Amino acid sequence: MFKNEMPRYEILSEDAMATLDRGWRRIVSELGIEFLLPEAVELLRDAGQIVEEENRVRFDPEWILEQVAKAPSQFELLARNPANTATIGGDHMVFAPVYGCPFIRQGDVRRDAKMADFENLVRLAQAFPELDSPGGTICEPEDRPLDSRHLDMVYALQTLSDKPYMGSVTSGPNAVDTISMGEILFGGAEAIERAPVSISLINVNSPLRYDDRMLGAMFEYVKRGQAVIITPFLLMGAMSPVSLPATLVQQMAEALAGIALAQTIRPGAPVVFGSFLSNTDMQSGSPSFGTPESGIGVLCTGQIARRFGLPWRGGGALNASQVVDAQAAYESLMTFLPTFLAGTNFVMHSAGWLEGGLVSCYEKFIVDIELLRQLKHEFTPLEIDEASLAFDAHLEVGAGGHFLGAAHTLERFRECFYRPLLSSTENFDRWQRNGSRDTTERAGEIWRKTLEEYEQPAIDPAIDEQLREFVTRRRTELGD
């Protein structure tokens with residue numbers, strides 16, 4: 001697991017922070033937030049907040065801060081392989097792949113996602129140590145029934161990987177199924193109460209509204225001590241104003257209100273301050289990703305979340321390109337680099353994102369793993385000591401010589417520099433003799449070879465049987 005010990009890149013002045021602070025306070029107290037679940041509204045009413053028009057709640061900002069202060073600044077997210085248990089918060093960065101895509105790109109083919117794709121992407125996430133989690137809905141398998149596909153997806157996450165996974169959030173009952181399967185995998189209700197075994201994405205229906213389905217899932221997870229990532233869904237110009245400061249203020253209001261609700265449900269519940277912030281193309285109306293605005297948003301969000309003492313989520317390898325090309329790479333880096341500069345604690349969409357999040361792409365998955373490997377290398381502090389100064393090498397070579405055959409070089413040449421997974425460093429003639437393969441073609445070879453060599457992590461057969469029986473029973477019940 002990667003620990004980012006580099007200094008944080010913070011761009012907001014104290015005056016700017018104070019202005020943003022006044023902004024979110026005004027939104028929650030004067031405009032309020034809508035909660036489309038009666039249980040949430042009643043809980044907030046009982047806590048002394050003002051309820052208007054059945055589901056709109058106006059908050060005392062100081063009360064929100066009192067609740068937010070109850071959230072842990074850091075927590076453990078358990079994996080069935082203890083070696084893969086993740087720490088969320090502090091200097092730790094946890095990386096998970098793309099999430100929520102209805103389509104798949106494989107080479108030149110774009111098609112509907114299938115369950116076989118979901119399983120393959122979980123296998124790839126398990127195989128690459130650069131990823132700490134297989135995530136959750138890596139793609140939406142359209143060949144499984146909508147009402148029960150969450151069972152197949154959670155089962156795949158639990159059995160094809162032994163890293164921490166994300167739960168289903170499309171309804172309260174789906175969250176209950178995820179929790180029940182977590183109990184089977186980890187040894188009962190008490191085991192999952194001690195520390196969360198799943199982390200789940202609760203999206204705000206921005207602007208200023210939480211819908212009943214997300215709230216239903218949030219209540220179930222929080223009541224059982226499972227971690228949630230409370231994330232405003234903000235595309236400037238559509239779900240928020242075109243001003244970045246206005247969007248940051250809206251993000252703070254929505255996220256902090258949701259986190260306060262979570263702490264009211266269960267004080268001390270593990271939560272993550274989430275950010276999904278980009279802009280709309282004002283010419284086409286389409287979402288844009290990998291833009292300078294989204295990168296600035298990541299940097300600002302990190303500074304804001306740290307001010308509240310909260311672990312946070314943001315960034316990733318986001319882009320709007322339709323294919324794996326230069327645009328896909330440079331836009332992804334435009335968001336990925338600020339993700340590291342800001343020290344993001346939980347990074348979704350770290351591998352495989354294409355076409356504005358509509359597509360999970362096999363080849364892009366490998367491109368992003370290469371980016372992730374390089375960034376981790378670049379953000380590892382440089383060790384400087386007498387040995388690294390290599391004075392003996394200078395004594396050996398002297399003036400005007402070369403270091404290719406020096407003892408210092410021969411001792412270290414295998415590991416002295418970053419060695420790429422995907423990039424080609426061949427000269428032109430050799431590259432041509434080897435088939436003139438471009439990045440996408442090489443990436444295709446890598447993911448296919450990785451799947452061929454994949455080994456499923458061992459699982460207790462009795463536990464696997466219990467999980468299968470649960471999935472079969474619940475599928476039948478949902479069908480009925």
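Predicted model: local features only at pLDDT ≥ 70, side-chain atom pairs only at ≥ 80, totals over all residues.
Let me start with Arg149, which touches Glu140, Pro141, Glu142 and Arg144 when residues up to four places away in sequence are not counted, a contact here being heavy atoms within 4.5 Å. Arg149 lies in helix α5, which covers residues 149-159, and at 13% relative accessibility Arg149 counts as buried, where buried means under 20% relative accessible area, exposed over 50%, and partly exposed in between, with a 1.4 Å probe and protein chains only.

Residues are numbered from 1 along each chain as its sequence is written, and side-chain values use heavy atoms, with hydrogens and water left out.

Now to the whole chain. Its secondary structure comes to 18 helices and 20 strands, taken as DSSP runs numbered from the N terminus, with helices being H or I of at least four residues and strands being E of at least two. For 480 residues a compact globule would have a radius of gyration near 23 Å, and the chain agrees with that at 24 Å; the radius is taken over C-alpha atoms, and the globule rule is 2.2 Å times the number of residues to the power 0.38. The C-alpha trace spans about 80 × 55 × 45 Å along its principal axes. Of the 480 residues, 53% count as buried, and among contacts between residues at least 6 apart in sequence, 76% join residues at least 24 apart.

Next, the cysteines. The structure holds 0 disulfides, a disulfide being a pair of cysteine sulfur atoms within 2.5 Å. For Cys361, which is in no disulfide, the nearest cysteine sulfur is that of Cys101, 10 Å away. Cys361 is buried, with a relative accessible area of 1%, whereas Cys416 is partly exposed, with a relative accessible area of 38%.

A cis peptide bond joins Ser206 and Pro207, with omega about 10 degrees, and Pro207 sits in the loop between β11 (198-204) and β12 (209-210). Leu208 is found in the loop between β11 and β12, and its phi is near 60 degrees, a positive value in a residue other than glycine. Ala390 also has a positive phi, near 55 degrees; Ala390 lies in the loop between α13 (386-389) and α14 (391-397), and it counts as buried because its relative accessibility is 13%.
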